[in-house]
Amino acid sequence: MEQTYHVAPAQAVPACTVVIFGASGDLARRKLIPALYNLRACGQEMGPHDFAILGFARRQMAVDTFREQMRDAVTQYSRLELDNDYWRDFVARLEYLGGLDQPAGFNRLRMGLEQLEAKYGLPPNRIYYLSIPPEAINETVARLDEAGLIAKPGARFFSRVVVEKPIGHDLETARETNRAILEHFAESQIFRIDHYLGKETVQNLLVLRFANTIFERVWGARNIDHVQITVAENEGVGSRAMYYDPAGALRDMVQNHILQLLALIAMEPPVSLEAEAIREAKLNLLRALRPVAGGEAANLVVRGRYSAGKTDGQSVRGYLEEQGIPENSRTETFVALKAFIDNWRWAGVPFYLRTGKRMGVRESLIHIQFKEVPRILFNSAGVLPANALTLRIQPDEGFSFGVLAKHPGLGVTISPVLMNLRYQSEFKGPVPDAYERLLLDVMAGDHTLFVSASFVEQSWAFVQSILEQWANDQAIPVYEYPAGTMGPDAADKLIQADGRRWLTL
């Protein structure tokens with residue numbers, strides 16, 4: 001009989017209204033509205049009438065037009081098939097308001113919220129999801145405050161704000177954005193979202209490490225040779241050229257997603273499962289991350305840019321040929337780097353991090369390579385592979401542990417054996433999308449899977465030294481790699497110089 005152990009039940013979710021700023025944009029259409037529909041349709045953690053949604057954007061649009069567009073979005077992007085009964089209930093509480101950029105826009109927003117709450121008997125609990133450009137955040141939170149739309153901490157009803165990445169363009173602007181938001185919201189009201197933290201396999205990192213003594217006892221420099229983190233995308237920049245070219249892979253992926261994964265896989269055990277304890281443990285790990293000292297970026301970091309090639313058998317153009325990309329751009333679409341954590345647990349263990357666009361596969365994984373077996377007994381020839389634990393974040397969610405076993409027969413023949421867990425085959429029932437999990441946590445007021453201001457600034461401090469070295473030394477190359485490959489040769493040489501190689505599933 002299958003056994004389960006309920007450690008922390010789903011939190012109660014109070015009735016509220018979700019205001020999506022930038023509701024006519026891509027994120028709302030692809031992620032937010034489908035996730036909110038799924039929460040309504042699943043009905044596991046909340047009843048069917050516990051929230052309403054108000055889309056707010058610059059564009060003027062009839063409510064019926066907006067609803068029809070969102071129906072198409074749910075049909076295309078929801079993990080659940082659209083059900084007419086659920087949709088009828090959902091769309092009745094889906095409203096739209098234009099004029100975000102107009103002087104009276106926020107007063108109209110206040111009146112629209114009051115009318116919506118009165119219509120459906122909802123309390124004035126409000127979540128403001130800022131799906132807007134980073135440069136618009138400061139003005140938006142100030143106008144919310146001017147319109148009297150922010151309840152103070154500890155008030156009977158809550159006001160919460162959700163901020164999407166990127167938070168800032170560098171360390172200075174990240175600090176400026178944090179200060180601007182904190183002028184109007186308390187830290188307890190701010191939810192800085194990183195959708196990677198909502199993935200089931202990322203959440204499972206804590207369980208895998210701290211609910212299984214077999215792993216935690218060997219988790220460190222004494223037993224682990226090195227760690228790899230790969231986040232590979234097979235898509236190009238697509239329609240994101242306007243955002244992507246000023247950012248690049250280091251800002252877009254390393255500063256947030258990859259450093260979050262690094263923190264979870266390498267942090268010390270938190271003192272409890274409370275949000276603040278987990279966030280503090282991650283922050284302490286980042287504080288121990290060795291900075292890339294001046295002059296070292298050329299040796300420890302590789303940046304690349306995809307050129308024309310083939311993906312899934314189809315010819316695709318290079319980055320400089322993408323629509324909206326300047327012909328003189330030096331923006332990187334690939335980064336590989338070698339990092340070290342200067343603490344007692346990880347001293348001397350290299351962490352190899354890489355991410356890129358238009359790579360040969362779409363996969364995100366963490367690979368923990370243990371040290372080789374001593375060259376005695378079965379390994380006297382030094383040919384046996386080391387044990388390895390591979391955590392697959394996407395697309396084939398799960399993890400595998402490689403061990404060695406005797407192959408059946410009269411002689412002694414040893415074969416690698418993979419002990420493999422696949423989420424889809426092991427666990428029955430639907431797997432929530434990352435945004436479903438995170439939106440539910442915002443409604444419940446749970447900060448566990450969200451990023452603190454200190455973590456944002458500490459992560460920017462790490463990448464800042466690399467950005468400055470790239471800006472100050474034009475001799476540091478941007479290596480080309482054909483689309484459909486796993487990055488430039490220089491990235492392979494980075495890890496091969498240490499007698500190791502990248503793992504690809």
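Start by selecting Glu 187, Arg 192, Glu 276 and Arg 279: a network of salt bridges links them. A salt bridge here is a side-chain nitrogen of Lys or Arg within 4 Å of a carboxyl oxygen of Asp or Glu. The whole structure holds 26 salt bridges.

Before moving on, note that this is a predicted model, with local features needing pLDDT of at least 70 and side-chain atom pairs counted only at pLDDT 80 or more, while totals for chains, interfaces and linings use all residues. Numbering runs from 1 along each chain as its sequence is written, and side-chain values use heavy atoms, with hydrogens and water left out.

**Stop 1: strand S5**

Select residues 159-164. This is strand S5, and 6 of its 6 residues are buried, so the rest of the structure largely encloses it. Buried means under 20% relative accessible area, exposed means over 50%, and partly exposed is in between (1.4 Å probe, protein chains only). Helices (H or I, at least four residues) and strands (E, at least two) are DSSP runs, numbered from the N terminus.

Show the side chains. In a regular strand they alternate between the two faces of the sheet. Here Ser 159, Val 161 and Val 163 point one way, while Arg 160, Val 162 and Glu 164 point the other way.

**Stop 2: the neighbors of S5**

S4 and S5 run parallel and are joined by 5 bridges. Strands count as paired if DSSP finds at least two bridges between them. Pick Tyr 129: its bridge partner in S5 is Val 162.

S4, H5 and S5 make a right-handed β-α-β unit. Right-handed means that, with the strands pointing away from the viewer, the path from the first strand over the helix to the second runs clockwise.

Next, select strand S6, residues 190-193. S5 and S6 pair in the parallel sense over 4 bridges. For Val 161, the bridge partner in S6 is Ile 190. Trace the chain from S5 through helix H6 (residues 171-182) to S6: this β-α-β crossover is right-handed.

**Stop 3: salt bridges within helices**

Go to helix H1, residues 26-42. Asp 26 and Arg 30 both lie there, 4 residues apart, about one turn of the helix. They form a salt bridge, with the closest N and O atoms 3.1 Å apart. Asp 26 is partly exposed at 40% relative accessibility. Arg 30 is partly exposed too, at 38%.

Jump to helix H14, residues 434-444. Asp 441 and Arg 437 are 4 residues apart in H14, about one helical turn. Their salt bridge has its closest N and O atoms at 3.0 Å. Asp 441 is buried at 5% relative accessible area, whereas Arg 437 is partly exposed at 23%.

**Stop 4**

Select Glu 268 and Arg 345. Their salt bridge brings the closest N and O atoms to 2.8 Å. Glu 268 is in the loop between helix H10 (249-266) and helix H11 (275-287), and Arg 345 is in the loop between strand S11 (334-340) and strand S12 (350-356), so the pair ties together parts 77 residues apart in sequence. Glu 268 is partly exposed at 36%. Arg 345 is buried at 16%.

**Last stop: the surface**

Select Ile 376. This residue sits in the loop between strand S13 (363-370) and strand S14 (388-394). Ile 376 is exposed, with a relative accessible area of 52%.
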